[in-house]
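Here's a quick briefing to read with the model open on your screen. Keep in mind that this is a predicted model.

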Amino acid sequence: MKTRIVQVEEKNIDMEIIREAGEIIKAGGLVAFPTETVYGLGGDALNGASSGKIYAAKGRPSDNPLIIHIAGMEYLPRIVKRIPEEAYKLAGLYWPGPLTMIFEKADCVPLETTGGLATVAVRMPSNKAARALIEAAGGYVAAPSANLSGRPSPTMAKHVIEDMDGRIDMIIDGGEADIGLESTIVDLTGDGPVILRPGYVTREMLEDAVSGVAVDGTILGGDAAGAPKAPGMKYRHYAPRGSLVIVEGMQEKAAACINSRLKAHRQAGERTGVIATDETAALYQADSVKSLGRRSDEETIAKHLFQILREFDEEEIQFIYAESFDARGVGQAIMNRLLKAAGHQVIRQ
Ligand code: TXA
Ligand code: MG
């Protein structure tokens with residue numbers, strides 16, 4: 001398949017391109033598009049065959065449900081059985097934005113889209129090009145992150161091109177994603193709200209709208225912590241091709257530990273990389289040392305993580321060591337993604 005690559009600026013949206021992209025989705029095709037979190041791979045959410053195509057293009061197991069993207073609150077009632085009070089409160093504060101909510105699904109939502117579940121995940125992105133596309137496509141766009149299954153989520157169109165060129169109809173290049181980590185997922189189908197995947201909207205932020213927000217215990221735990229409620233969280237994710245190990249501990253001790261390992265790899269003729277911060281990058285002797293940003297600047301760290309994991313692949317790095325981050329606030333999402341990328345390989349110093 002020939003993939004058309006087009007550019008759309010969020011501040012000056014070319015509505016002709018958006019209209020064409022919407023027609024592709026309505027006709028059952030697939031279009032990758034920018035959102036404020038990561039790029040999405042969009043298809044018609046109410047067409048089971050389109051969802052089937054999404055799974056095939058990503059190489060994703062079909063028991064891993066998709067998020068339905070909507071452009072306005074008025075689209076929500078059609079696809080859910082009921083809207084709990086908490087959903088209005090959360091939507092009031094965080095929609096449009098990087099928050100996904102889980103509801104009981106209405107009959108019109110095909111089981112292909114929900115991976116066989118009776119519930120459905122819904123998000124209203126803040127990116128204006130994304131919302132324009134969703135409207136042009138009929139209002140309901142199923143979109144997982146636009147990466148091949150297992151690879152880091154795409155934060156730039158070039159990442160989508162790497163993974164999806166030749167597999168989908170169109171890629172809309174809208175520049176670099178603002179946030180760089182996927183949305184926070186909150187389940188509203190149980191007794192109280194439960195965070196199934198941490199993201200930019202933190203537990204503290206959710207509690208500004210609703211009380212008693214719980215966190216699924218598997219979010220930072222390893223395999224021993226049980227089966228996660230968001231089916232996608234059980235798969236190895238975001239993984240670079242090289243081996244990735246996180247080193248926890250005081251800065252000096254952690255750096256000494258990383259450097260001694262780097263030396264052993266060098267002597268074995270292996271290519272090495274380090275995920276560091278502005279404060280520590282100069283401490284390491286590796287083939288490739290990458291800073292995520294200043295340690296105190298969580299937003300910048302979040303924005304660069306997936307991009308850096310992909311760069312190590314390009315540079316054919318075999319062994320990567322990462323510093324550890326404080327798992328509070330947005331740090332919880334950063335550590336969740338880093339631990340998954342590392343397959344939970346952690347050295348404590
Ligand atoms: O920021 C995002 O959410 C991005 C952009 C494109 O919007 N999308 C995204 O989709 O990250 P995806 O498919 O890569 O991740 C969706 C996650 C998976 O872990 C999936 O298992 C979970 O959401 N999920 C979807 N529907 C669910 C449901 N009904 N119940 C529990 N988890 C669900
Ligand atoms: Mg994904």
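**Helix α1 up close**

- Helix α1 covers residues 15–26, so to speak a 12-residue stretch, and its first and last C-alpha atoms are 16 Å apart, close to the 16 Å expected at 1.5 Å a residue.
- Buried residues in α1 are I17, I18, A21, G22 and I25.
- Looking down the axis of α1, you'll find its buried residues within an arc of 140°, so they line one face of the helix.
- The cover over those buried α1 residues includes strands β1 (4–7), β2 (31–33), β3 (40–44), β7 (141–142) and β8 (170–173), along with helix α5 (128–136).
- Just past α1 sits G28, which takes a positive phi of about 95°.

**Who pairs with β3**

- On the β2 side, β2 and β3 run antiparallel and are joined by three bridges.
- Getting from β2 to β3 takes a hairpin of six residues.
- A32 is the residue to look for here, as it stands opposite L41 in β3.
- With β7, strand β3 also runs antiparallel, and two bridges join them.
- In that pairing, D44 stands opposite V141 in β7, while G43 stands opposite A142 in β7.

- You'll find D313 in helix α9 (residues 298–314).
- Is D313 buried or exposed? At 7% relative accessibility it falls under the 20% cut-off, so D313 counts as buried.
- Its side chain reaches the backbone nitrogen of R241 at 2.7 Å.
- Setting aside neighbours within four places in sequence, D313 is in contact with R151, P240, R241 and G242.

**Two aspartates to click on: D165**

- D165 has its place in the loop between α6 (157–164) and β8.
- With a relative accessible area of 44%, D165 is partly exposed.
- Not counting residues up to four places away in sequence, D165 touches T3 and V160.
- D165 and R4 are 161 residues apart in sequence, yet their C-alpha atoms are 8.7 Å apart in space.

Note on methods:
Residues numbered from 1 in each chain as written. Chains lettered and ligands numbered in written order. Predicted model: local features only at pLDDT ≥ 70, side-chain atom pairs only at ≥ 80, totals over all residues. Heavy atoms only, no water. Helix = DSSP H or I, 4+ residues; strand = E, 2+ residues; numbered from the N terminus. Expected span 1.5 Å × (residues − 1). Buried < 20%, exposed > 50% of the residue type's maximum accessible area, 1.4 Å probe, protein only. Arc of directions from axis to C-beta. Contact = heavy atoms within 4.5 Å. Pairing = 2+ DSSP bridges. Polar contact = N/O pair within 3.5 Å; in protein donor to acceptor, adjacent residues only side chain to side chain.
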